[in-house]
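This report describes selected structural features of the model shown below.

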Amino acid sequence: MNWWETGGVDSPVMAKVKERFKGTSTLIFTHNFKGDDTIVIQPEDVSLVMEFLKDDPQLAFDILMDVTAVDYLNDPDIQPYLSGLGARFEVVYHIYSEEKNHRIRVKAPLKAEEPIINSVAFIWPSADWFEREAWDLYGVVFRGHPNLKRILLYKEFVGHPLRKDYPKTKRQPLIGPVN
Amino acid sequence: MSEQPKKDYDFHKEHHTELLTVNMGPSHPATHGTVKFMLALDGETIENIEVDVGYLHRGFEKECEAQTWTGVFPYTDRLDYLASVINNVGYAMTVEKLIGITTPERCQYIRVITSELARMGAHFTCLGAGALELGALTAFIYFVEAREMVWDLIESVCGARLTHNYVRIGGLTSDLPDGFAGNVKTTFKECRRLWIDFDKLLTKNRIFLDRMRDVGGISSADAKAWGFTGPCLRAAGVPYDVRRAEPYLVYDRVDFEIPVGETGDNYDRFQVRLEEIEQSMRIVEQCLVQMPEGPVNVNNPEWRQPSKDLSSGNIEYMIHHFKNVLEGIHVPKGEAYQAVEGANGELGYYIVSNGSGYPVKMRVRPPCFPITSALPMLIKGRLIADLIPTFDMLNLIGGECDR
Amino acid sequence: MATKIKKIRRNVTLTLWEQSYVPEILRGMYITLEHFFINLWGLILEFAWSGREDRKIATVYYPEESVTPPPAYRGRPVLVLGADGNEKCVACGLCEAACPPQCISIIGAERANGERYPLRYTLDGTRCIFCGRCEEACPKEAIVMSDDWRNLCEYDRSKMIYEKADLLVPEEKLAGRLAFIRDKAFGKDRY
Amino acid sequence: MTLALVETAAKIAFVFGLNIGVFAPLLGWVERKQSAVMQDRIGADRADVFGFTIIGLFHTMSDTIKLIFKEDFIPRGADRIMHTAAPALALIPALVAFTVIPFGGHYTLWGHNVNLVVADLDVGALFVFAISSLAAYGVVLAGWSSNNNWSFLGGLRAAAQMFSYEVAMGLTIIGLVMFYQSLSLVTIVEKQNEFWHWGIIWHWPAFILYFTCAIAENKRIPFDVPEAESELVAGYFTEYSGMKFIMFWMAEFVEVVTISALCVVLFFGGHHLPFVTDAELISGLGGALYPNFANLAAMGIGILTFIVKVIILIFIQMTIRWTLPRFRYDQVMALGWKLVLPASLIWIFIVGVGILSGIMPRP
């Protein structure tokens, strides 16, 4: 029995989201393993879904807690839909609604050769730095981001260290004093 | 008298003054060493500010992916190094959520006690440093003295003052020392005396009020949009505390209040943290009373290392012990996110496991990371002297923000 | 438990008298002077005849007086020297695997009577972070965190690479720590 | 003639010996020890000579020796001459201001009239304010010549603060001058021989204002905005090390002593004992039988009470230093121009009305 087949009834949040996107192909997969409502969406519709989650009165997701990326290069079989889409990366958003006190995890699988997705910085300003960190460490490009530069690493760093194909013991080229 | 001069015409066009660009940090007295502000100053007013973090980036995630699930604990100590136990508790609870085990009663109580002691230590440091940056050296030393006593308490429990490394998946490394309740009582009496002195020194002090009030304020809607959590969000008037919103461990059995501010400026953040120290003391006292006797570890050798005198004799336990140390415990496949109320806000762990002994993804949601991203919005157009208290009250912790 | 919210004091309205800085300065000076004279009286008493307990000051005269660490304290990891003169370590390498910064390296060998013992046991003092995972992993209670924290620093890094000779400490000295491990940390009733 | 020369030399030696030799280094120790005991700490007590550490007193000596041998660093691109001259310009005014301060009264020793003040100027008070305004040059030059953004900002702040508080300081004294009808500090002290004629009795608001301005002039907390460590690294003396750094500190400590001495002279009755006038003191000590001995004893007691009063005021300044947080720069300016200056003007008006209507009996 796979880990994501938890059965059980959908929470009101999940029901509302499923009902909203019933006809479209946006929702690839949903589960609520360990009680965390999770939906997996097409990367193209990320702005659409996020605006709906934020503006809908019943959902009212007003705090974007976390944006991060995950690299499933070595074990794509963890998530059921990854091998089907030929996806390697996955951008994960954790959003929380302060009024309704419920959470949701939105995931968007990305292909290895073009890890590009729309930025949600215009919906929640807190995404600004999170997306810069995802770009810095994973190389995921966020289209429409105000200033997508490295945040944790120095400018001259070559490569994206948290990718699975980046060896832990790799050395970086030495950079001398600039002036 | 502390109102900012409103600029209604473009100062530069009129006076062609050149902006003085200054680098404040990364090793500047006010930046505690790990952040650089690139300031464009027009006289004393900050025209443009760019915050540059990442000076304490040690590759936490990459390091954890090469460690077993149990070997990650010393690394979680070094995230918010002022309150290490809270990081440990957060990580341990996330993994326990993924595995599906719950720890015994006494262990949950001890986790709450040590977390609250660590939170007190973190708030003492933050408030003390805030007062120090404004020149009130004596107030800083009073809170450092209080912090020393709390750290001595934690040292008698965990074994170290700063990097506690106390919690394990499915339990704790050791039980509370004997006579701990007595020590707590005397320490808290001293802490309350110093707390009152600090409060009297600063809270109604006009100089302090003028420096802190109406500086770096943020509305509750903006606070939520910018991802504020913890004392900074509560100061903005939003009563969101993970210990109340999603009670974990035994927080639903203890009675404590959440301090909430109004305008979200520095003075509110200062007051919210000051009040939270008092609440933490109440929580610890109630926990010490309600705490039952009994085991502190899950009696299941697959997850938690068995007791020593059993394993050294019994070969079956020995096999489990060797496998767990060498390969790490085999956490079942899946992903989980668990949020804990850290000293600066919601400290979330998102882990993905592929069933082996090594994590695939070990993400820490740093509470002070989005808060610092809002600093330019809070401080643009204000004086350089306002940047210091605002930065202190946002309480950026290098280890947690840069990971 | 209903979420009880506590409004914090904003001190928005200061009376005119408080608008001027004088009462605040006097209140502040009262507190600092109160501390000053209590401590001064404590110092005079201590200087006169009574000694430490009269002193109200929190700090300790370090080299002369020192702070005794609690039993749970994790100091320098040391090897336990058994009563029979041999170390208890059987060179199983578990501590080597458990150590996060990988600062332990062991070369095992066998004695005449078939007992394993570490031919060479080096612990890199410059890398060690005193986390205590080696002590947990060791099935034989052979490596233990002593409460030794004084003069661990050297001027030369190579001196901080501890060989077996500087690591061995007789069992009696570590009785406190061993009792702590057997009772508080891994005792039977903790599980 | 030579006797007068000897007398003046003795007085100069006493004043500057006391000021530089005793008070300035002592204040270095007082600041550490008092702040330590106030903050539940022990404070410096390690420097020992043959095992004797008289509660840390040798620390000042060890500091001075250390700083003498420290490298005297002038940053690249700094203006060498100005950079070297600035500390002297900051220190000298603080010292010179002590010359007009009377630390004792008139005594006749062996037929010779001795007046315990180095320079008995008729414009004593004016001279002090004129000289102390020169100190601003030293600080501004230090800030500007260090070729460092932080010290540049510190120097500007120091200049603005010192000018605005000099104006206020001058005005706070005019009430006293009207009350004692003289600018000369010596006559002011003479008129305060009875306790009820002391300046503090009638002019305590002027004392509060004067004390605030004096602390601001000396750039100590809560007005140490020019050297605010947290904002401007170390303000105008960021680029100073070695002996030049010590001169800035010396200037600050000597200024503390000068301020205390001035307050004692203007408000607390100089060398007078509270309820004992000079004449009674001399007669009490057997003036009729041994006039020289009595005068000598009275002189000793006078100097002693003066020093005790100065020490009390230094203690108060030190406590303020370690209690209050720091102002923001624009608040310092606002306080100076909008609160202290108008308050001192109003006070002058009140004193004028008081004197004309006879409520304030002039001595």
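## Charges over aromatic rings

In this predicted model, B:Arg147 is placed over the face of B:Trp151, 4.3 Å from the centre of the ring.

## Aromatic pairs and a cluster

Over all chains, the structure contains 43 aromatic pairs. One of them joins A:Trp3 and A:Phe33, with 5.1 Å from centre to centre and 75° between the planes, an edge-to-face arrangement. This pair connects distant parts of the chain, its members being 30 residues apart. A:Trp3 belongs to the segment before α1 (12-20) of chain A, and A:Phe33 to the loop between β1 (27-31) and β2 (38-41) of chain A. A:Trp3 has a relative accessibility of 10% and therefore counts as buried, the cut-off being under 20%. A:Phe33 is likewise buried, at a relative accessible area of 9%.

A second pair is found in chain B, where the ring centres of B:Tyr251 and B:Phe256 are 6.2 Å apart. Their planes stand at 65°, so this pair is edge-to-face. B:Tyr251 and B:Phe256 are both buried. In chain D, one aromatic cluster is formed by D:Tyr236, D:Phe237, D:Tyr240, D:Phe245, D:Phe248, D:Trp249 and D:Phe253.

## A three-stranded sheet in chain B

Chain B contains an open sheet of three strands in the order β7-β8-β9, paired in the antiparallel sense. The edges are taken by β7 (334-341) and β9 (361-365) of chain B. Each edge strand has a single partner, so one of its sides has no neighbour in the sheet. From one strand to the next, the twist averages 10°.

The antiparallel pairing of β7(B) with β8 (residues 346-353) of chain B is made through eight bridges. Within this pairing, B:Ser353 of β8(B) stands opposite B:Gly334. The sheet is also packed against a helix, α4 (residues 84-99) of chain B, which touches β7, β8 and β9 of chain B. The direction of this helix makes about 145° with that of β7(B).

## A buried loop residue in chain B

B:Leu383 is located in the loop between α16 (375-379) and α17 (384-394) of chain B. Its relative accessibility is 11%, and B:Leu383 therefore counts as buried. Along the chain, B:Leu383 and B:Val215 are 168 residues apart, while their C-alpha atoms are separated by 9.9 Å.

## The interface of chains B and C

Contact between these chains involves 51 residues of chain C and 82 residues of chain B. About 5800 Å² is buried between chain C and chain B, and carbon and sulfur atoms contribute 54% of this area. On the chain C side, the residues that lose the most area to chain B are C:Ile8, C:Arg10 and C:Tyr191. Together, these residues account for 14% of what that side buries.

## An enclosed strand in chain C

Four of the five residues of β2(C) are buried, so this strand is largely enclosed by the rest of the structure. β2(C) pairs in the antiparallel sense with β5 (residues 143-145) of chain C, over three bridges. In this pairing, C:Leu79 has C:Ile143 of β5(C) as its bridge partner.

β2(C) is also joined by three bridges to β7 (residues 168-170) of chain C, and these two strands run parallel. Here the bridge partner of C:Leu81 is C:Pro170 in β7(C).

Most residues other than glycine have a negative phi, and most peptide bonds are trans. C:Ala91, which is not a glycine, has a positive phi of about 55°. C:Ala91 lies in the loop between β2 (77-81) and α3 (94-98) of chain C, and with a relative accessible area of 7% C:Ala91 is buried. C:Gln102 also has a positive phi, near 50°. This residue is found in the loop between α3 and β3 (104-110) of chain C. C:Gln102 is exposed, with a relative accessible area of 60%.

In chain D, the peptide bond from D:Ile221 to D:Pro222 is cis, with omega near 5°. D:Pro222 is part of the loop between α7 (199-217) and α8 (229-232) of chain D.

Key
Residues are numbered from 1 along each chain as its sequence is written. Chains are lettered from A and ligands numbered from 1 in the order in which they are written. This is a predicted model: local features need pLDDT of at least 70, side-chain atom pairs count only at pLDDT 80 or more; totals for chains, interfaces and linings use all residues. Side-chain values use heavy atoms; hydrogens and water are left out. Rings of Phe, Tyr and Trp (its six-membered ring) pair if their centres lie within 6.5 Å; planes under 30 degrees apart count as stacked, over 60 as edge-to-face and the rest as tilted. Buried means under 20% relative accessible area, exposed over 50%, partly exposed in between (1.4 Å probe, protein chains only). A charge sits over a ring if NZ of Lys or CZ of Arg is within 6 Å of the ring centre and within 35 degrees of the ring normal. Two strands pair if DSSP finds at least two bridges between them. Axes are lines fitted to C-alpha atoms, for helices over the stretch in contact, and angles run from 0 to 180 degrees between N-to-C directions. Contact means heavy atoms within 4.5 Å. Buried area is the accessible area (1.4 Å probe) that two parts lose on being put together, summed over both.
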